[in-house]
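Subject: Structure handover

Hello,

Here is the structure I promised to pass on. Please open it before you read further.

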Amino acid sequence: MATGTTHTTWTRAALPLCLLGVLATEEKSYGYALLSRLADAGLDGVKAATLYPALTRLEEEGAVETEWGAGEGGPGRKYYRITDEGRARLHRDRAAWAAFTGAVASLTRTDEPSTAGPSAHTSAHPGE
Amino acid sequence: MAKDRKPAPTWEREEDEDWAAAVEIRLALDHDAPAGLADQVLAEAHQLVHEEGRPALDLLGDPHAYAQLVADERIPEKHRARLDADGLTPGERLTATLVSLGITATLFCGFEWLRDGLWVGIGWSSLALTATVTLGAALTGVALATRAAGRIRGARWFAAGTAGVVCAGVSGTAFVPDGQLFTVPAPLLMLACFAGIIGAVMLPDAALDRWFTPASADSDDSDDEAWFARLDGLLRGRHALPSAQARGHIREARQHLASAPGEERATDVFGDVEIYALRLAEGPSRTRRFARRQFYGSCALTFFLLVMLIDNLSDPDPSPFWLAANTGALGAMIWILVSEWRQSTDRDTSDPTGAGTTTSPDSPS
């Protein structure tokens, strides 16, 4: 798999967590501003075509709530605010993410070539 | 996908075999899975079940949910974006309606043969009624296909046409002369219906899809309005979003475009309109939305069956067969209505993946 594709896949997997993290630091925010915050943090691979569906899913899952406010000379702006459920999820997912990255780091830390042969196990999880 | 089809794995438990069959059926019927995907997925599942020594249901969960998970993660977005709630493209939707009509007509002719004998009498009224039902059902199929293509206004015109044909046909039968014109053997009628089914199956789905799909609004068309109109149609027609929700997504997208510097077009920012519509629509509320839409369709069918039953009961010499058939069908529809209403209001009916945004790695961001 190409590195660019890999990074895109990682970004997408972590996007809901990142969005909750940003929203937890602000009273409310809107799509374009969230995209700018992600880009400033180094996640410049996130596009509007991915951001808004992710926000929509978070809203359907009850992690964020929305309200419409006035835009600047254009159509109304949709603001997102994290809910209590979203904060609880942020705490849970942050801990899980830390454990996950720790596990990946422990597996990729060594420079020694592995002596074990390739695993014969084929995962049945469709995402793998 | 795999070009050389491997033999199906032999499951050690009967319950695992049922689980595998359910996954395969759901992948084929609900998700129009590409050839070979089900074989590949089931071979992997079989290996895992064999190694772990536990039933597939315990290990991999509900087959319906597992098929959904496979579809979300392994079927490319471009393929899934073309499908409606039942895993059909607009062309396949029309074909399915015509095939259903042909099967129903064949069965009806068979019942007539059993009830009245080999020769079926044809008069002006039966001709008018047959023409009305055939044209009405065909127009309904076109209306459903047009809606699945995201052409809401077109679907409304075809639905109005259906209503017009039914009203004209029903009122027209009062003015046609009574009496029998000629008789035909029932098997010949069944053969004609069967030929209709074959004809419907032979229809080229790809060509029908092109006919239903409007000219691309996301390639060379620089008109953002066309892109937004197409998005609105797809969200409401193909993905069953309420109008207010669809309008909200479009308003937000417009706001984003207005905020962005430069003169970027909607297609540059949001990409392929069909894929963007899919991404917005495939959240946890998807199952509830489709169940609600099915509920409305079932309401219409229940009303039709009720009218048929009342017609049966008001007949001075009612046919016991049709009375029993109508009563049974109405009872079944009421049971289906209750089930669909529960599903459409169940807050726990969520996306079985329970994961974050599910997008294929090979799709553009």
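Below are the conventions, then the findings for each chain.

Residues are numbered from 1 along each chain as its sequence is written, while chains are lettered from A and ligands numbered from 1 in the order in which they are written. The model is predicted: local features need pLDDT of at least 70, side-chain atom pairs count only at pLDDT 80 or more, and totals for chains, interfaces and linings use all residues.

**Chain A**

Chain A has four helices and three strands. Helices (H or I, at least four residues) and strands (E, at least two) are DSSP runs, numbered from the N terminus. Their order from the N terminus is α-β-α-α-β-β-α.

Chain A has 128 residues, and 26% of them are buried. A residue is buried if 20 or more other C-beta atoms lie within 10 Å of its own, exposed if 12 or fewer, and partly exposed in between; C-beta atoms are placed from the backbone. Take the contacts in chain A between residues at least 6 apart in sequence: 52% of these join residues at least 24 apart. Two residues are in contact if their C-beta atoms, placed from the backbone, lie within 7 Å.

Two residues of chain A are worth a look. Val64(A) sits in strand β2 (residues 64–69) of chain A. Val64(A) counts as buried because it has 24 C-beta neighbours inside 10 Å. Neighbours within four places in sequence aside, the contacts of Val64(A) include Leu23(A), Leu55(A), Tyr80(A) and Gly86(A). Trp97(A) is 33 residues from Val64(A) in sequence, and their C-alpha atoms are 20 Å apart.

Arg87(A) belongs to helix α4 (residues 84–108) of chain A. Arg87(A) has 14 C-beta neighbours inside 10 Å, so it counts as partly exposed. Beyond its neighbours within four places in sequence, Arg87(A) is in contact with Ala24(A) and Ile82(A). Ala39(A) is 48 residues away from Arg87(A) along the chain, with 22 Å between their C-alpha atoms.

**Chain B: two helices with a buried face**

Start with α2(B). This helix has 16 residues and reaches 23 Å from first C-alpha to last, close to the 22 Å expected at 1.5 Å a residue. The expected span of a helix is 1.5 Å times one less than its number of residues. Buried in α2(B) are Leu37(B), Ala38(B), Val41(B), Leu42(B), Ala45(B) and Val49(B). They cover an arc of only 110 degrees around the axis, so they lie on the same side of α2(B). The arc is that of the directions from the helix axis to the C-beta atoms. These buried residues pack against α1, α3 (56–60) and α4 (63–74) of chain B. Just after α2(B), Gly53(B) takes a positive phi of about 70 degrees.

Now α8(B). Helix α8 (residues 152–172) of chain B has 21 residues, which should span 30 Å at 1.5 Å a residue; its end C-alpha atoms are 30 Å apart, which agrees. Ala155(B), Phe158(B) and Val165(B) are buried in α8(B). Seen down the axis of α8(B), its buried residues fall within an arc of 80 degrees, so they line one face of the helix. They pack against α7 (124–148) and α11 (224–238) of chain B. The face of α8(B) turned away from the buried side carries exposed residues, among them Arg153(B), Ala160(B) and Ser171(B).

**Chain B: a helix pair**

Helix α6 (residues 90–116) and helix α10 (residues 205–212) of chain B pack at an angle of about 115 degrees, with their axes 7 Å apart. That makes α6(B) roughly perpendicular to α10(B). Axes are lines fitted to C-alpha atoms, for helices over the stretch in contact, and angles run from 0 to 180 degrees between N-to-C directions. Angles under 35 degrees count as roughly parallel, over 145 as roughly antiparallel, 65 to 115 as roughly perpendicular and the rest as oblique. Residues of α6(B) including Pro90(B) and Leu94(B) meet residues of α10(B) including Ala206(B) and Phe212(B).

**Chain B: two loop residues**

Asp32(B) is not a glycine, yet its phi is positive, about 50 degrees. Asp32(B) lies in the loop between α1 (14–31) and α2 (37–52) of chain B. Ala240(B) also has a positive phi, near 60 degrees. Ala240(B) lies in the loop between α11 and α12 (243–259) of chain B. Ala240(B) counts as buried because it has 22 C-beta neighbours inside 10 Å.

Best wishes
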